[in-house]
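Open the model in your viewer and keep the sequence panel beside it. The stops below say what to select and what is there.

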Amino acid sequence: MNKYKLNVNGLNVDAHFTEANIKEIFIPLLKRLTNLQKEKSKRILVILAAPPGTGKSTLCTYLEKLSKDNKEFTKIQCIGMDGFHYQQDYLNSHSTIRNGEEILMAKIKGSPETFNLPLLTERIKKIASGEDCRWPIYDRNIHNPVDNV
């Protein structure tokens with residue numbers, strides 16, 4: 001098991017990956033993404049979905065590092081969905097109905113209604129049209145997204 005020091009959403013994290021996973025999964029994935037990007041001749045978006053707290057951001061941050069450390073691969077950029085959360089002030093001041101009960105959105109942070117889907121849609125359309133655009137990130141130190149990073 002190899003240990004890697006990464007900065008994930010503003011926090012320093014010790015990530016652990018086996019050499020077998022790196023060689024058999026991560027390297028082939030980056031090769032495939034590189035080939036796809038070259039074939040398309042434009043920026044591509046790849047979505048990694050899994051339950052909260054399973055290490056998606058850590059894995060993506062490691063893949064970004066691996067892509068930048070190896071000239072064979074197209075450099076990737078890790079973009080977490082958490083960057084599209086509404087600001088914490090908004091979540092603390094807005095509610096939604098769950099099971100017939102009004103609940104503060106901050107209590108269900110991470111559920112679909114706590115994300116700014118119009119902003120996500122806007123950014124995806126920009127990328128699809130070939131426009132250059134920046135993406136928000138989620139900073140765990142301030143518990144808020146930071147736009148245009």
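Select C60 first. In this predicted model, C60 is partly exposed, with a relative accessible area of 22%. Which cysteine has the sulfur closest to that of C60? The closest sulfur is in C78, at 4.4 Å, and that is too far for a bond. A disulfide needs the two sulfur atoms within 2.5 Å. Next, pick C133. C133 is in no disulfide either, and the nearest cysteine sulfur, again that of C78, is 15 Å away. C133 has 11% relative accessibility, so C133 counts as buried. A search of the whole structure turns up zero disulfides.

**Helix α2**

Now select α2, residues 56–69. The 14 residues of α2 should span 20 Å at 1.5 Å a residue, and the end C-alpha atoms are 20 Å apart, so the two values agree. Colour T58, T61, Y62, L63, E64, L66 and S67: these residues of α2 are buried. An α-helix has 3.6 residues a turn, so residues three or four places apart point the same way. What lies over the buried residues of α2? The cover includes β1, β2 and α1.

**The nonpolar cores**

Stay in this region and select Y4, L6, F17, I22, F26, Y62 and L66. These residues have the most contacts inside the largest nonpolar core, which has 13 residues. β1 (2–8), β2 (11–17), α1 (19–40) and α2 each supply at least two residues of this core. Which element gives the largest share? The answer is α1, with four residues. In soluble globular proteins, nonpolar side chains tend to be buried together.

Centre the view on F26. Leaving aside neighbours within four places in sequence, F26 is in contact with F17, N21, L59, Y62, L63 and L66.

**Q77 in its loop**

Go to Q77, in the loop between α2 and α3 (88–93). Is Q77 buried or partly exposed? At 44% relative accessibility, Q77 counts as partly exposed. Show the side chains of Q77 and R43: a polar contact of 2.9 Å joins them. Not counting residues up to four places away in sequence, Q77 touches R43, E64 and W135. Q77 and W135 are 58 residues apart along the chain, yet their C-alpha atoms are separated by 9.9 Å.

Select residues 95–98, strand β3, together with residues 101–104, strand β4. The two strands pair in the antiparallel sense over four bridges. β3 and β4 form a hairpin with two residues between them. In the turn, N99 has a positive phi of about 50°.

**Last stop: N144**

Finish at N144, in strand β6 (residues 144–146). N144 is buried, with a relative accessible area of 15%. Which residue makes a polar contact with the side chain of N144? The partner is Q87, through its side chain, at 3.4 Å. Beyond neighbours within four places in sequence, the residues in contact with N144 are Q87, Q88, I137, Y138 and D139.

Notes:
Residues are numbered from 1 along each chain as its sequence is written. This is a predicted model: local features need pLDDT of at least 70, side-chain atom pairs count only at pLDDT 80 or more; totals for chains, interfaces and linings use all residues. Side-chain values use heavy atoms; hydrogens and water are left out. Buried means under 20% relative accessible area, exposed over 50%, partly exposed in between (1.4 Å probe, protein chains only). A polar contact is a pair of N or O atoms within 3.5 Å; within protein, one must be able to donate a hydrogen and the other to accept it, and residues adjacent in sequence count only if both atoms are side-chain atoms. Contact means heavy atoms within 4.5 Å. Two strands pair if DSSP finds at least two bridges between them. A nonpolar core is a set of buried Ala, Val, Leu, Ile, Met, Phe, Trp, Tyr and Cys residues joined through side-chain atoms within 4.5 Å. The expected span of a helix is 1.5 Å times one less than its number of residues.
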